[in-house]
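Dear colleague,

Please read them with the structure open beside you.

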Amino acid sequence: MTSPTPDAPALDAPALDAPARRTATVLVGMSIGEAVRRDELLRTAAAQQASIAFLQQADPSLSAELTRLADAGAGTVVLIGVRLAATGPAQSWLRRIAAHWWRERTGHRPEILVATRLADSPDAVAAAAAATRPVTGGEPGLTSAAWEDVTGHRHQVLVCRGPRCTALGAEEALRALVRQLAEHGLGDDDVLVTQTGCQFPCNQAPVVSVQPDDVWYGGIDPAAAGRIVTEHLAGGRPVESHRLPRHRSEPAGRPDS
């Protein structure tokens, strides 16, 4: 699933012509939350004379931005992970992806310094940049025995982060959903929460769907998100007050039964 990735202005890629730019800084969006708040990330990057990249669901990817900077002759690249959303990959994934690129890179490889903690707001970026650790190439790779099998979760909750859902409060609903799951002791092996691009129907935003139950909800605010956890995911009863009609089409050419 994809999220909107509008054409980026020149601010995405500061030049490295001047000697002062031999050290480059990149603000790395960790989740889809930063992808849908791209303009905010760009403004923050401008204040830091930095470029931006994303770990997932938006461009430029971190690997692509590292390649651009290396090809431009950067001697050092400082990576600062930014997570503005309620959920997203841990900081360790920033190091894993950067180290994978570093090991695979042929030709000039700049020194890569990774901030030791994530910035959870634009104001926290400067503080996060104060403490960094170099990438050595010995970091864990992109595979692990723990990630071999499909998880045993009973439900997967798909939270729409398309433009309308995001504008109408999907982030707040997601935060409430995550809090309630934690309060009920439900982890990823019980309920897997996934943020998605546009799911439709946009007029019902914010939209949340629960699989494999094939239950769709609309107008989900924090209170409704809490009820989905308590009544549906924990209690087994869909929340009828927010449930949307679902009419499934039959495959074309299917013979009459």
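Arg175 is partly exposed in this predicted model, with a relative accessible area of 34%, whereas Glu171 is buried at 9%. The side chains of these two residues, Arg175 and Glu171, form a salt bridge with an N to O distance of 3.1 Å, and both belong to helix 7 (residues 170-183), where they sit four residues apart, about one turn of the helix.

Arg246 and Asp214 form another salt bridge, in which the closest N and O atoms are 2.9 Å apart. Because Arg246 lies in the segment after helix 8 (222-233) and Asp214 in the loop between strand 8 and strand 9, this pair ties together parts that are 32 residues apart in sequence. Arg246 counts as partly exposed at 40% relative accessibility, while Asp214 is buried, with a relative accessible area of 16%.

The structure holds eleven salt bridges, including one between the side chains of Arg95 and Glu139 (2.8 Å, N to O). Arg95 lies in helix 4 (residues 91-104) and Glu139 in the loop between strand 5 (132-134) and strand 6 (155-160), so this pair links parts that are 44 residues apart in sequence; both Arg95 and Glu139 are buried.

Methods: Residues are numbered from 1 along each chain as its sequence is written. This is a predicted model: local features need pLDDT of at least 70, side-chain atom pairs count only at pLDDT 80 or more; totals for chains, interfaces and linings use all residues. Side-chain values use heavy atoms; hydrogens and water are left out. A salt bridge is a side-chain nitrogen of Lys or Arg within 4 Å of a carboxyl oxygen of Asp or Glu. Helices (H or I, at least four residues) and strands (E, at least two) are DSSP runs, numbered from the N terminus. Buried means under 20% relative accessible area, exposed over 50%, partly exposed in between (1.4 Å probe, protein chains only).
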